[in-house]
Structure formats: C-alpha cells, structure tokens
Amino acid sequence: MEVRDLHPWPATPAEAEAIQDALRPMLDLDAPGPTSPRTVAGLDVSYAGDGGGTGTRLAAAVVVLDGTTLEVLEESVAVGTAAFPYVPGLFAFRELPALIEALRALRTVPDLLVCDGYGVAHPRRFGLACHLGVLTGLPAIGVAKTGFVGAYEPPGGRRGDASPLVDGGEVVGRVLRTRDGVKPVFVSVGHRTDLDAACRAVLALTPAYRLPETTRRADRLSRDALTA
DNA sequence: GCGACAG
DNA sequence: ATCTTGTCGC
C-alpha cells in the first residue's frame, strides 16, 4: 500500500517533539470509526538485545486479518535497527521506519490499523497510532498493555466493562476489560475513528485472549523474523 | 522537588 | 522491549 514519505528525521528529542507538534493538526478526530472493518491490520515490533538505545536490531511485523472471521489474510515483515533511543513520549520514532517499510510491502489496504501503544492518550496528544494514522491516512487505534498518561478508576471485572482514561481534564481513552477477571488494556483513538468504534473493534478482536488477535499475530511474526 | 514513564 | 525460575491453576 501507499504510505506518505517520511518527514525529515529528528536528531534530538526536541526535534522529535517539534515533528509531533507539526503533524498533530493533520489528525482527524471527528470522523466516526469503521463500523465493521473488512480487514484489520495489527502491528508490532520485536528487539534483539538491549532495547534502550539506537541501532538495536529489530523486526517490524504487520498482519492483516479478516475483521469478521479473524482469518489471516496477509503478512509482512521488515528487519532493521532502532531509529531513535527510547524516550517516553517519543516512542514512535524508534520503530516508525521499520513499520512503514512493512506497511509499504502490503498488498492489502487495511480498513483499520491496530497499534501497540497509544494514540491521543499521549503527553502531546500524538502517540504512535496517531503518527501511523497520519502517514497512512488510515483509521488507526492504539492498544497498550500498561498505563502511561491519564487517571482512571478500575473498570468492572467482566469482559466489556470499561472506565474513562482522563488526562488534563479530557477523556483521552478508555481502560477496557477484554477478558473476565483479567488485567484491562488501554484503548485510545489514533486517527479517523471514535472511541466507541475503537473499543468495539478491540472486543471483536479478543474472543479468547487479553490482547487483540492482530497484536498477538504480529508479535509472533516479528519474534520469529528476529530469530530467523 | 520527587516520582512516573507506551515499547 | 528483553533478560529468566519457579509456581499456581485449568
């Protein structure tokens, strides 16, 4: 699929923040999300050794599933190196180049991107899911495993129970229980979707496990690519 | 000032 | 993210 050319690459955290600020106005946060996406892509990255600095070997994977049957339709992997040191809030710059390469190799144009991390639930309201959404032009959401920004009350204990994630006085996401009695995930909007549609998609992708089937498939694929 | 801090 | 043993539970 087509992906917009990558912007000039930042050499410092300050430059990276400036890029996020420059791209944020391109976000579409008013559009209703896809009601029943035919194809859903999961993205994930695995690292070889020390996952802290720049240059670490990594593998980025994208797996496209049928939105209804969750059958695997297409896979894509790209190996490379970490393009930026890990800095909370600038996480996207670490794996963006490899993820973009994997996306470009895709034959399918997914109806929805499910990213590992956050969307607007971010210090500058521009997490990885927003960044990938703007570069691809596709609806995108973020699903994170642990907290980052925002306060919340523990959601009820049953699958589907949720509570708002609030930061700076605004709702930036939702803490969603995907399995009964299991630690919830953090869902936030990235681009061209609303929070309700994002959570519906996540529930549709979690018929058996805590994490979306898209994320689980991409995780396994990226890990295998690193080994081989 | 001190801690917390997506992956 | 990754490094890792044992342990509890279905």
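The buried residues of helix α3 (residues 128-136) are covered by elements that include α1, β1, α2, β4, β5 (140-144) and β8, where contact means heavy atoms within 4.5 Å. The model is predicted: local features need pLDDT of at least 70 and side-chain atom pairs count only at pLDDT 80 or more, whereas totals for chains, interfaces and linings use all residues. Residues are numbered from 1 along each chain as its sequence is written, chains are lettered from A and ligands numbered from 1 in the order in which they are written, and side-chain values use heavy atoms, with hydrogens and water left out.

- Helices (H or I, at least four residues) and strands (E, at least two) are DSSP runs, numbered from the N terminus.
- In α3, 9 of the 9 residues are buried, so this helix is largely enclosed by the rest of the structure; buried means under 20% relative accessible area, exposed over 50%, and partly exposed in between (1.4 Å probe, protein chains only).
- The buried residues of α3 are Leu128, Ala129, Cys130, His131, Leu132, Gly133, Val134, Leu135 and Thr136.

**Overall architecture of chain A**

- Chain A contains 5 helices and 8 strands, which run α-β-β-β-α-β-α-β-β-β-β-α-α from the N terminus on.
- With a radius of gyration of 16 Å, close to the 17 Å that the globule rule gives for 228 residues, chain A is as compact as a globular protein of that length. The radius is taken over C-alpha atoms, and the rule is 2.2 Å times the number of residues to the power 0.38.
- The C-alpha trace of chain A spans about 40 × 40 × 35 Å along its principal axes.
- Of the 228 residues in chain A, 52% are buried.
- Among contacts in chain A with a separation of 6 or more, 67% are accounted for by residues 24 or more positions apart.

**Nonpolar cores**

- The largest nonpolar core holds 27 residues, of which Leu43, Leu103, Leu113 and Leu132 touch the most other members. Such a core is a set of buried Ala, Val, Leu, Ile, Met, Phe, Trp, Tyr and Cys residues joined through side-chain atoms within 4.5 Å.
- Two or more residues of this core come from each of β1 (39-47), β2 (57-66), α2 (92-104), β4 and α3, and α2 gives the most, with 7 residues.
- Leucine 103 touches Met1, Val3, Leu43, Val62, Leu132 and Thr136, residues up to four places away in sequence not being counted.
- A second, separate core has 22 residues, including Leu65, Ala201, Val202 and Leu211.

**Serine 76**

- Serine 76 belongs to strand β3 (residues 72-81) and counts as buried, at 6% relative accessibility.
- A polar atom of the serine 76 side chain lies 2.7 Å from the backbone oxygen of alanine 102. A polar contact is a pair of N or O atoms within 3.5 Å; within protein, one must be able to donate a hydrogen and the other to accept it, and residues adjacent in sequence count only if both atoms are side-chain atoms.
- Leaving aside residues up to four places away in sequence, serine 76 touches Ala60, Ala61, Val62, Ala102, Ala105, Leu106 and Leu221.

**Loop arginines with positive phi**

- Arginine 125, in the loop between β4 (112-116) and α3 (128-136), has a phi near 60°, a positive value in a residue other than glycine. At 17% relative accessibility, arginine 125 counts as buried.
- Arginine 192, in the loop between β8 (185-191) and α4 (195-204), has a positive phi near 55°. At 34% relative accessibility, arginine 192 counts as partly exposed.

- Of the 7 residues around DNA strand C, Ser46, Tyr47, Ala48, Gly49 and Lys145 come nearest; a residue is near a molecule or strand if one of its heavy atoms lies within 4 Å of it.
- Sugar or phosphate accounts for 91% of the atoms of DNA strand C within 4 Å of the protein, and the rest belong to bases.
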